[in-house]
2 protein chains.
Amino acid sequence: MKGPVVETKRAKAAQVALDDKFIELEGERFAGLHLLLELWGAQRLDDEDFIEATLKQAAQAARATILDIRLHKFLSSGGVTGVALLAESHISIHTWPERAYAAVDIFMCGDCDAYQAVPPLEQAFAPVRFEISENRRGRLKVQALTP
Amino acid sequence: MKGPVVETKRAKAAQVALDDKFIELEGERFAGLHLLLELWGAQRLDDEDFIEATLKQAAQAARATILDIRLHKFLSSGGVTGVALLAESHISIHTWPERAYAAVDIFMCGDCDAYQAVPPLEQAFAPVRFEISENRRGRLKVQALTP
């Protein structure tokens, strides 16, 4: 994956949701945080019910509102593809049990903390190797945030 | 957005879908291409039916199989959040009409070409500024791809 990879979770920063639902964080203003998670050596990647329950836990941990959850299991491989549609964007998961690999992405705007969705996913799938890359979507070219 | 930003679309490279649905491209083996699109100065971002039709066109252009499409419109802002769940992963869109901004992501594995989903989105929403960043999800640490 291109872009910076962090192996540890970030401490909670002073994230502020603005009136237009854009976020102000570390001097930047943007629409939302989009985390791409790579899980290797992960477990239970063919268990559709478990994956659905885990998506719910992850959304709740981030204080997101679930609008809908859709999952599909591929009988040929046991892989599961799924998405939780949120009032604050989405969480998606795609699994390759034959590779013990899952690709997860967490995109959240507004007053949610995307990083809080990570521990439930990590605990549930218990990956041997785990990577996160952070993308700030909708970055505004702000001339001066401070007066 | 962190990571490389390309302003132009890539010419079709020799992308090969392997038996396990991983892709081999430019000497790398990985699960799928995940494109993050930033659309600024975009149009029709509050038109739910139009967005749904555009997601279908984008999926079809990439030769993807749609399993389900779910959209939700926020009456307060006119913003739309939606996802097309694909047999080959997903396309998602989240719009902020008040900012003329949309965040789209296209994640495709297997024998699909994620880049072919881009022109229908670009034509539909006619953004003034348009950025793509490419993420290769599930990159294998291959010691030698050639015999």
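The points below concern a predicted model with chains A and B.

1. Overall make-up. Chain A contains two helices and nine strands. Read from the N terminus, its elements follow the order β-β-β-β-α-β-β-β-β-α-β. Of the 147 residues in chain A, 41% are buried. Among contacts in chain A with a separation of 6 or more, 64% are between residues 24 or more positions apart.

2. The sheet. Six strands of chain A form an open sheet in the order 5-6-7-8-4-9, and the pairing is antiparallel. At the edges lie strand 5 (66–73) and strand 9 (129–137) of chain A, each of which pairs on one side only. From one strand to the next, the twist averages 10°.

3. Strands 7 and 8. Within chain A, strand 7 (residues 89–96) and strand 8 (residues 101–109) run antiparallel and are joined by eight bridges. A:W96 has A:Y101, a residue of strand 8 of chain A, standing opposite. A reader tracing this pair in the structure may take these two residues as a point of reference.

4. The helix on the sheet. Which strands does helix 2 of chain A touch? Helix 2, residues 118–125, packs on the sheet and touches strand 4 (32–40), strand 8 and strand 9 of chain A. The direction of helix 2 makes about 10° with that of strand 4 of chain A.

5. Relation of the two chains.

6. The interface. In the model, 30 residues of chain B are in contact with 30 residues of chain A. On the chain B side, at least two residues each come from strand 4 (32–40), strand 5 (66–73), strand 6 (80–86), strand 7 (89–96), strand 8 (101–109) and strand 9 (129–137). Strand 7 of chain B gives the most to this side, with five residues. By class, the side of chain B that touches chain A has ten nonpolar, ten polar and ten charged residues.

Note on methods:
Residues are numbered from 1 along each chain as its sequence is written. Chains are lettered from A and ligands numbered from 1 in the order in which they are written. This is a predicted model: local features need pLDDT of at least 70, side-chain atom pairs count only at pLDDT 80 or more; totals for chains, interfaces and linings use all residues. Two strands pair if DSSP finds at least two bridges between them. Helices (H or I, at least four residues) and strands (E, at least two) are DSSP runs, numbered from the N terminus. Axes are lines fitted to C-alpha atoms, for helices over the stretch in contact, and angles run from 0 to 180 degrees between N-to-C directions. Two residues are in contact if their C-beta atoms, placed from the backbone, lie within 7 Å. Copies are superposed by least squares on the C-alpha atoms of residues with pLDDT of at least 70 in both. A residue is buried if 20 or more other C-beta atoms lie within 10 Å of its own, exposed if 12 or fewer, and partly exposed in between; C-beta atoms are placed from the backbone. Ala, Val, Leu, Ile, Met, Phe, Trp, Tyr, Cys and Pro count as nonpolar, Asp, Glu, Lys and Arg as charged, and the others, Gly among them, as polar.
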